[in-house]
Amino acid sequence: MIAILDFGSQYSELIARRIRETSVYSEVLSYRTSAAQLQQLNPKGIILSGGPSSVYAEHAPVCDPEIWQLGIPILGVCYGMQLMVQQLGGRVEQSERGEYGKAALHIDDPTDLLTNVENESIMWMSHGDSVTQLPPGFQVLAHTHNTPSAAIAEHERRLFGVQFHPEVVHSQGGLALIRNFVYHICECEPNWTTEAFVDEAIREVRARVGDKRVLLALSGGVDSSTLAFLLHRAIGDQLTCMFIDQGFMRKNEPERLVKLFKEQFHIEVEYVNARDRFLEKLQGVTDPEEKRKRIGHEFIRVFEAESTRLGPFDYLAQGTLYPDVIESADTNVDPKTGERVAVKIKSHHNVGGLPKNLQFKLVEPLRKLFKDEVRNVGRSLGLPEEIVRRHPFPGPGLAIRIIGEVTKERLKILRNADYIVRQEINQSGKYHDFWQAFAVLLPVRSVGVMGDQRTYAFPVVLRLVSSEDGMTADWSRAPYDLLEKISNRIVNEVKGVNRVVYDITSKPPGTIEWE
């Protein structure tokens, strides 16, 4: 395995994902993990992540200095490189000019870490501090126009540092650099595969659950569906799937889901209609965090009530993924200062919204996987492509695509608009060109004209994005004729809408969902 010490970067898990693409297992650990603990884990290599701090800040996160004596290859990325330099006797200072975004990498030593990385490759930078003096024994491997020490090494101890982010897709040759570190420097074997994950997950579920019963929160998306197949293979009839219809699903989806699982997959699904109950909980609520938390609390309470009806359950299974955990968690809180190293973006209903007095123990076999990894697991378990390649859909559903208060009227409007978006994208043959494609309803009205009469109705936002893992995303350059068809149909067929706008914001600075 490769151990990744997390210093608060939003991309720490992305480093793990890149390593897994090389078929090598990786695990993200707190920066406080001691050298002794690392030694017990016996990793073949260690990566120090980036982070938002300066190494000279009063409460800057630091690793155990004993890790430099372990004899294990170490790669520092951005803040991780600066920390390596500082702890080993070099100097880091605030740059006269920061470096953000794309920068050409000029390679001074094309061996070892930079083997097969082309000279002047574009790398992704994001730093205000720079290395001004190398520690003893280190040498420069590469530089950029603004950064004299963009990549460094101490070959004898196999210590390496890069000021850029090789893990992001914008870094050309980034994956080649990671492969060099994983294969040639750490000498890892490519033996962590989808099949290996499935076998390990089944063993862990059986060991954890034993002969107890498990209740699965089934939504019909690729995450919970893959989890249903995985758990059914692991524990068979000990699994009960329950679909809670909270009233925020897309048009016709609840009926289609139950029929598909029962008739085609032969997995029993308990259907619970709780639409009025959830809508009542959101009455008057406009804050997105409060929406998520209320939905999360009610979600569990319904499960508790229904599980009592069906018989006792010890475990609740959820299809929680890595991005959910990253964006929800107040990770790396310093116990002395209370300062948060990684910044919380938003709570997810199945992570940050869970009540503290939860009556179930959680089973979350997928929480260390990214969406594309889950898709591969689903395929290996025999999940149909129509589910494997289904666009991500948030747990709170349309409730967080209605900005402001959620009402029956607004749900009807958005459900019909969303149905048109999906119909047209499917008919165009471009469904799989997008990571997500959906509509958002805004709580404002604008003046329009229809049939020579004035209208005063809602606008609908069209959101089409491209992404690989949901951590970063770009707005899609959809064909104009497709956008025109969607717009025309929505304003003509959806009562209460007279305007369609297109969201051209990437992530960051925005998020994929509006709430």
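This report covers the nonpolar cores, a helix, a cavity and a pocket of a predicted model.

## Basis

Residue numbers start from 1 along each chain as its sequence is written, and side-chain values use heavy atoms, with hydrogens and water left out. Because the model is predicted, local features need pLDDT of at least 70 and side-chain atom pairs count only at pLDDT 80 or more, while totals for chains, interfaces and linings use all residues.

## Nonpolar cores

A nonpolar core is a set of buried Ala, Val, Leu, Ile, Met, Phe, Trp, Tyr and Cys residues joined through side-chain atoms within 4.5 Å; buried means under 20% relative accessible area, exposed over 50% and partly exposed in between, with a 1.4 Å probe and protein chains only. The largest core holds 87 residues, and F248, F261, F303, I425 and I490 touch the most other members. Helix α6 (residues 222–235) contributes the most to this core, with eight residues. Apart from it lies another core, of 37 residues, including I107, L113, A142 and A150.

F261 is in contact (heavy atoms within 4.5 Å) with L218, S225, A228, F229, H266, I267 and V269, leaving aside neighbours within four places in sequence.

## Helix α3

Helices (H or I, at least four residues) and strands (E, at least two) are DSSP runs, numbered from the N terminus. Helix α3 (residues 79–87) is mostly covered, with seven of its nine residues buried: Y79, G80, M81, Q82, L83, M84 and V85. Just after α3, G89 takes a positive phi of about 105 degrees.

On a 1 Å grid over the protein atoms alone, a cavity is a set of points where a 1.4 Å probe fits but cannot get out, and a pocket is an open set with protein on both sides within 12 Å along at least five of seven lines; lining residues have an atom within 4 Å of a point. Grid points are joined across faces, edges and corners, and a volume is the space filled by probe spheres set on the points.

The whole structure has two cavities of 30 Å³ or more.

## Second largest pocket

The second largest pocket has a volume of about 360 Å³. Of its 17 lining residues, F197, E204, E364, P365 and K368 lie nearest its centre. Helix α5 gives the most to the lining, with six residues.
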